[in-house]
Structures are given as structure tokens and as C-alpha cells.
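These are my notes on one chain. I looked up how its parts pack and wrote down what I found.

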Amino acid sequence: MSGDKIAFITGAGSGIGRAAAMTLQAAGYHVVLAGRRVVELEKTAEMAAAGSGEFLVCPTNVADEGSVTAAFAATRERFGRLDVLFNNAGTFAHGTPIEDLTLEDWRRVVDVNLTGSFLCARAAIRMMKAQTPKGGRIINNGSISAYVPRPNS
């Protein structure tokens with residue numbers, strides 16, 4: 001697939017991830033759809049614009065190193081390179097007051113939002129350094145919750 005542009009999007013089954021996937025695919029990118037919810041990833045793939053890049057549905061838990069490794073291996077096998085990683089997967093603690101937040105919920109949020117971005121960036125950088133030509137772009141999407149926390153209900 002020499003000359004083709006390849007994007008890998010986490011959280012591609014809904015919201016911003018789905019919109020980014022559709023936009024890049026319509027622009028001619030081949031797009032790896034990564035996320036935990038296979039049904040939602042498949043719904044994204046069904047929205048493909050005719051005559052544009054293809055979608056690769058790749059069930060991925062970004063908080064799991066083995067899952068991330070497998071997803072990037074599938075990307076390499078299918079497309080041979082990577083040009084864009086869009087780290088978009090994220091979760092939150094559903095408006096729980098901090099004093100009531102369990103350590104388990106805290107770790108789940110950190111594992112997805114931070115560790116997941118790290119694992120995907122590390123895998124992408126390895127691919128981008130090994131390909132010819134070298135390089136690519138990594139985009140890390142943050143949450144508006146950093147600026148506008150959800151009010152307690």
C-alpha cells in the first residue's frame with residue numbers, strides 16, 4: 001500500500017473518534033478503528049464513504065499492553081505503515097465526588113486515559129521509526145472535563 005496514508009484511532013466506535021475516522025477515511029486515509037465495543041466499531045465501518053480509504057476494525061483495550069501490541073501488529077500486517085495515531089479513547093468516573101471514588105475506579109480511569117495513551121504512542125513511535133519514510137503524527141485528545149468538570153448531581 002505504498003503511498004497510502006494510514007491512521008489509527010482509539011475510541012473509534014462513537015463520538016469524536018467516529019467523526020475523526022469518517023473525516024480521515026473520506027479524505028482517502030485507510031483507518032484502523034480501535035476500541036473495546038466491537039459492535040460500535042462495526043457501525044463506524046458501515047458508514048464508510050464509497051471510493052475512499054478502507055476501515056480495519058480492530059477490537060482493542062488500550063489499557064492492556066497485549067491488546068495494544070496485537071492491534072499495532074494487525075495494522076503493520078494489513079497496511080505496512082502508520083502515519084497518524086489519534087489517541088482518543090477515554091473514560092471518567094461518572095460524576096462521583098472524589099471522597100467517594102474507589103481506588104478501583106481511579107485506576108480504571110488512569111489505565112485508560114493515561115496508560116492507554118502511553119501504550120499506543122509507544123507502539124506508534126516504534127512503527128513510525130521503523131518504516132520508510134520514517135515519521136508520522138501523534139494526536140492526543142484531552143477531555144473538556146479538565147476545564148469544565150461535571151457537576152455533582
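**Entry 1: helix 3 and helix 4**

I began with the place where helix 3 meets helix 4 in this predicted model. From helix 3 I listed Glu65, Val68, Phe72, Thr75 and Arg76; from helix 4 I listed Leu119, Cys120, Arg122, Ala123, Ala124 and Met127. I sorted the residues of this contact by kind and got 7 nonpolar, 1 polar and 3 charged.

Next I looked up the geometry. Two packed helices are described by the angle between their axes and the distance between the axes. For helix 3 and helix 4 the angle is about 30° and the axes are 10 Å apart. Angles under 35 degrees count as roughly parallel, so helix 3 is roughly parallel to helix 4. The crossing of helix 3 with helix 4 is right-handed.

**Entry 2: threonine 75**

I picked threonine 75, which sits in helix 3. Is threonine 75 buried or exposed? Its relative accessibility is 0%, so threonine 75 counts as buried. I then asked which residues threonine 75 is in contact with, leaving aside neighbours within four places in sequence. I found Ile6, Phe8, Val32, Gly80, Arg81 and Met127.

I went through some of the pairings:

- Strand 2 (residues 30-35) pairs with strand 3 in the parallel sense, over 5 bridges. Alanine 34 has cysteine 58, in strand 3, as its bridge partner.
- Strand 1 and strand 4 run parallel and are joined by 3 bridges. Phenylalanine 8 has leucine 85, in strand 4, as its bridge partner.
- Strand 4 and strand 5 run parallel and are joined by 4 bridges. Here phenylalanine 86 stands opposite isoleucine 139 of strand 5.

I also checked which way the side chains of strand 4 point. Val84 and Phe86 point one way, while Leu85 and Asn87 point the other way. All of these residues are buried.

**Entry 3: helices on the sheet**

**Entry 4: helix 1 and helix 2**

I then took the packing of helix 1 (residues 15-26) on helix 2 (residues 38-46). The angle is about 30° and the axes are 10 Å apart, which means helix 1 is roughly parallel to helix 2. The crossing of helix 1 and helix 2 is right-handed. Arg18, Ala21 and Met22 of helix 1 make the contact with Glu40, Lys43 and Thr44 of helix 2. I sorted the residues of this contact as 2 nonpolar, 1 polar and 3 charged.

I followed glutamate 40, which lies in helix 2. Its relative accessible area is 18%, so glutamate 40 counts as buried, since the cut-off is under 20%. Apart from neighbours within four places in sequence, glutamate 40 is in contact with Gly13 and Arg18.

**Entry 5: two loops**

I looked at alanine 89, in the loop between strand 4 and helix 4. How many residues along the chain lie between alanine 89 and glycine 35, and what separates their C-alpha atoms? The two are 54 residues apart along the chain, and their C-alpha atoms are separated by 7.4 Å. Not counting residues up to four places away in sequence, alanine 89 touches Thr10, Gly11, Val62, Val112 and Asn113.

Last, I noted proline 133, in the loop between helix 4 and strand 5. Most peptide bonds are trans. The bond that joins threonine 132 and proline 133 is cis, with omega about -5°.

Key
Residues are numbered from 1 along each chain as its sequence is written. This is a predicted model: local features need pLDDT of at least 70, side-chain atom pairs count only at pLDDT 80 or more; totals for chains, interfaces and linings use all residues. Side-chain values use heavy atoms; hydrogens and water are left out. Axes are lines fitted to C-alpha atoms, for helices over the stretch in contact, and angles run from 0 to 180 degrees between N-to-C directions. Angles under 35 degrees count as roughly parallel, over 145 as roughly antiparallel, 65 to 115 as roughly perpendicular and the rest as oblique. A crossing is left-handed if the near helix is turned anticlockwise from the far one by less than a right angle, and right-handed if clockwise. Contact means heavy atoms within 4.5 Å. Ala, Val, Leu, Ile, Met, Phe, Trp, Tyr, Cys and Pro count as nonpolar, Asp, Glu, Lys and Arg as charged, and the others, Gly among them, as polar. Two strands pair if DSSP finds at least two bridges between them. Buried means under 20% relative accessible area, exposed over 50%, partly exposed in between (1.4 Å probe, protein chains only).
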